[in-house]
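Reader: I would like to go through the packing and backbone of this model with you, one point at a time. Could you show the sequence and structure before we start?

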Amino acid sequence: MDRRRHLASSASLLATACLGGWALPGCSSRESAPDVAVTLLDGSSHQMAAQKGKVTLINFWATSCTSCVKEMPELVSTFEKYKAQGYQTYAVAMSYDTPAFVSNFAQTRQLPFHVAMDSSGAVAKAFGDVRLTPTSILMDKQARIVKRYVGPPDFAAMQKLIEELLAA
């Protein structure tokens with residue numbers, strides 16, 4: 001019985017390590033960011049796969065999502081804390097959100113990072129068919145996906161991971 005519990009525990013830890021992006025033999029290859037462009041509110045376009053050199057957080061959200069609205073101040077403070085060290089944030093509004101609501105939200109809350117509209121849903125689809133908000137995806141300096149958060153993240157743990165990625 002103890003051996004089964006130990007094996008189950010070990011398998012669970014290994015799965016968590018691989019999914020969490022830990023550099024362990026057998027799961028060290030991280031998925032590259034999809035080669036998809038986001039269109040910012042100002043009309044400019046940014047390629048996600050071209051974010052090399054920066055640790056980047058892609059946050060899928062909606063103005064109608066109460067958890068998204070609630071976590072936005074934490075996203076802002078995290079961005080402000082690490083932006084000088086090469087950290088970037090993209091807040092990507094879901095296809096069902098209206099551009100006027102997204103623009104108003106970004107302006108009234110003075111969001112300091114990139115805000116994009118995913119009008120066609122192509123960005124959410126490219127990042128694993130994101131349907132739940134908030135969903136955040138953390139990428140390393142090589143534009144590889146390190147961690148995927150569904151729901152509001154534990155910001156203290158996320159910031160620790162950001163610091164590790166910035167130092168790498």
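Reader: Is Y87 buried or exposed?
Author: This is a predicted model, in which local features need pLDDT of at least 70, side-chain atom pairs count only at pLDDT 80 or more, and totals for chains, interfaces and linings use all residues. Residues are numbered from 1 along each chain as its sequence is written, and side-chain values use heavy atoms, with hydrogens and water left out. Buried means under 20% relative accessible area, exposed over 50% and partly exposed in between, with a 1.4 Å probe and protein chains only. The relative accessibility of Y87 is 1%, so Y87 counts as buried.

Reader: Which geometry does the aromatic pair of Y82 and Y87 have?
Author: Rings of Phe, Tyr and Trp (its six-membered ring) pair if their centres lie within 6.5 Å, and planes under 30 degrees apart count as stacked, over 60 as edge-to-face and the rest as tilted. Y82, with a relative accessible area of 2%, is buried. For Y82 and Y87 the centres are 6.2 Å apart and the planes stand at 75 degrees, which is edge-to-face.

Reader: How do the axes of α2 and α5 run relative to each other, roughly parallel or roughly antiparallel?
Author: Helices here are DSSP runs (H or I, at least four residues), strands being E runs of at least two, numbered from the N terminus; axes are lines fitted to C-alpha atoms, for helices over the stretch in contact, with angles from 0 to 180 degrees between N-to-C directions. The axes of α2 (residues 66–82) and α5 (residues 155–167) come within 12 Å and cross at roughly 25 degrees. Angles under 35 degrees count as roughly parallel, over 145 as roughly antiparallel, 65 to 115 as roughly perpendicular and the rest as oblique. Therefore α2 and α5 are roughly parallel.

Reader: In which loop is Q110, whose phi is positive?
Author: Most residues other than glycine have a negative phi, and most peptide bonds are trans. Phi of Q110 is near 45 degrees, and Q110 is exposed, with a relative accessible area of 66%. Q110 is found in the loop between α3 and β5.

Reader: What is the relative accessibility of A143?
Author: A143 also has a positive phi, near 60 degrees, and sits in the loop between β6 and β7 (145–150). A143 counts as buried, because its relative accessibility is 3%.

Reader: What is omega at the cis peptide bond that joins T133 and P134?
Author: P134 lies in the loop between α4 (122–126) and β6 (135–139). For the cis bond joining T133 and P134, omega is about -5 degrees.
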